[in-house]
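Here is a short report on one protein chain. Look over the sequence and the model before reading on.

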Amino acid sequence: ASESADALQYMAMAGWKTEDMLNGLEGIMNLAAASGEDLATTSDIVTDALTAFGLSAEDSTHFADVLAQASSNANTGMMGETFKYVAPVAGALGYTAEDTALAIGLMANSGIKASQAGTSLRSIMSRMAKPTKEVQGAMDKLGVSLTDSNGNMKSLNEVMGDLRNGFAGLSE
């Protein structure tokens with residue numbers, strides 16, 4: 001009962017109304033059950049991440065499904081912890097929760113998980129969004145840009161593809 005009350009409190013702090021809480025509770029409960037995290041922690045992570053990605057309470061079931069699917073297809077562990085660190089920057093750049101979950105899954109499969117993955121991914125995004133001269137030089141050399149030739153933001157999936165192509169040409 002106290003976990004449920006704490007979960008609802010996080011929803012209220014995120015500005016959710018009673019109807020939002022009722023609509024979003026199922027997704028949060030499913031994710032808590034799938035992840036093994038307690039309900040309050042899951043609620044806190046989901047409400048923060050939804051806000052960061054510009055989503056609403058009614059998207060909580062979809063968001064929970066995205067996290068659950070990524071967790072089942074990658075060795076993520078504590079994926080919510082990762083989202084806690086990277087979601088604000090990823091959302092600000094207009095990246096989707098789906099692409100962000102994919103990036104998190106790829107990092108987890110390489111042994112970079114939880115807060116380390118979130119901090120690393122946030123740092124990568126931040127540095128690419130506002131690169132120093134050194135970072136810009138490396139991005140130019142690799143042929144990587146956050147925007148297309150028209151100045152529109154690329155999706156995170158496109159940026160990851162560009163990085164994969166750029167790094168493929170490097171020697172060990």
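## Overall fold

Helices (H or I, at least four residues) and strands (E, at least two) are DSSP runs, numbered from the N terminus. Along the sequence, the pattern reads α-α-α-α-α-α-α-α-α. That gives 9 helices and 0 strands.

This is a predicted model: local features need pLDDT of at least 70, side-chain atom pairs count only at pLDDT 80 or more, and totals for chains, interfaces and linings use all residues. Residues are numbered from 1 along each chain as its sequence is written, and side-chain values use heavy atoms, with hydrogens and water left out.

## The core

Buried means under 20% relative accessible area, exposed over 50%, partly exposed in between (1.4 Å probe, protein chains only). Buried residues make up 40% of the 172 in the chain.

A nonpolar core is a set of buried Ala, Val, Leu, Ile, Met, Phe, Trp, Tyr and Cys residues joined through side-chain atoms within 4.5 Å. The largest one has 44 residues; Phe63, Phe83, Tyr95 and Met125 touch the most other members. Helix α5 (residues 79–92) supplies the largest share, 6 residues.

Most residues other than glycine have a negative phi. Ala114 sits in helix α7 (residues 114–129). Ala114 is buried, at 14% relative accessible area.

Asp162 belongs to helix α9 (residues 156–168).
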